[in-house]
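Could you take me through this model in the viewer, one selection at a time? I would like to know what to click on next and what is there.

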Amino acid sequence: MGIFYKIKQLLFVELRIMKFKILSDCKRTIGKPMLYHPLLLKGKGTIQFGQKVQIGVIASPNYYSHYTYLEARNEKSSIQIGDNVSINNAFSAVAFSKIEIKNNVLIGSNCTIMDNDAHHLDRDKRHILPNSKEVIIEENVFIGSNVTILKGVTIGENSIIGNGSIVTNSIPKNVIAAGNPARVIKDL
């Protein structure tokens, strides 16, 4: 098993990373993240990476089976990721307007951020683009695994979002929030 097994693993992952680079169609990408996991960049908007942005974690779930998906849907849409951000496997973010992840943020596996509802609730308007509200993740935030963050949310600096939470309203700084919907459960 030894060295040949490790070489096969590395080759498999590198080929997957290359495949998703080829499939990416976002032409307005700024910066270059460190890729340990496949990354698909889609849309007509801007996707910007700061310094030392890590995509994927080797010793974590979904490493061999999933990929990271970032979409800045329209020409005015943007996803901005600050410096020293670590994003675990199977992360997705879809921006119709703006998603901003500031410096020193940690994001667990299988998380989703959306600044829109994707479709109107009114059945007669489901083919019309819904309203969007920007999402901001302030500095030093820790987001656990399996978290969903919805439109119009700001998560205050230094806060922690517990595993499995669905964040529908803004969270203040320096707190732990968890649940469905997420609510503050402890001050830091």
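## Starting at Ala182

Select Ala182 and show what surrounds it: leaving aside neighbours within four places in sequence, Ala182 is in contact with Ser165, Ile166, Val167 and Ile171. Keep in mind as you go that this is a predicted model. Ala182 sits in strand β20, which covers residues 182-187. Is Ala182 buried or exposed? Ala182 is buried, because its relative accessible area of 11% falls under the 20% cut-off.

Next, colour the nonpolar residues. In soluble globular proteins, nonpolar side chains tend to be buried together. Here the largest nonpolar core holds 36 residues, and those touching the most other members are Leu70, Ile101, Ile137 and Ile149. Several elements give two or more residues to this core, among them β3 (39-42), β6 (68-72), β10 (98-101) and β19 (175-179).

Now centre on Ile101. Which residues does Ile101 touch, not counting those up to four places away in sequence? The list is Gln80, Ile81, Gly82, Val85, Phe91, Ile107, Ile113 and Ile137.

Switch to a cartoon view and trace the open sheet of six strands, in the order β3-β6-β9-β12-β15-β18, with parallel pairing. Its edge strands are β3 and β18 (166-167), each pairing on one side only. Zoom in on β3 and β6: these strands run parallel and are joined by four bridges. Across this pairing, Lys42 stands opposite Glu71 in β6.

## Charged pairs

Stay on Glu71 and show its side chain. Side chains of opposite charge can pair when their charged atoms come close. The model has six salt bridges in total, and one of them joins Glu71 to Arg73, at 2.4 Å from N to O. Glu71 is buried, since its relative accessible area is 9%, whereas Arg73 counts as partly exposed because its value is 32%.

Move on to Lys98 and Glu100, whose side chains meet in a salt bridge at 3.5 Å, N to O. Lys98 is partly exposed, with a relative accessible area of 23%, while Glu100 is buried at 17%.

Then pick Glu138 and Lys102. How far apart are the closest N and O atoms of their salt bridge? They are 3.2 Å apart. This pair links distant parts of the chain, 36 residues apart: Glu138 lies in the loop between β13 and β14 (142-143), and Lys102 in the loop between β10 and β11 (106-107). Both partners are partly exposed, Glu138 with a relative accessible area of 22% and Lys102 with 24%.

For orientation, Leu11 lies in helix α1, which covers residues 2-23.

Terms used: Residues numbered from 1 in each chain as written. Predicted model: local features only at pLDDT ≥ 70, side-chain atom pairs only at ≥ 80, totals over all residues. Heavy atoms only, no water. Core = buried A, V, L, I, M, F, W, Y, C linked by side-chain atoms within 4.5 Å. Buried < 20%, exposed > 50% of the residue type's maximum accessible area, 1.4 Å probe, protein only. Contact = heavy atoms within 4.5 Å. Salt bridge = Lys/Arg side-chain N within 4 Å of Asp/Glu carboxyl O. Pairing = 2+ DSSP bridges.
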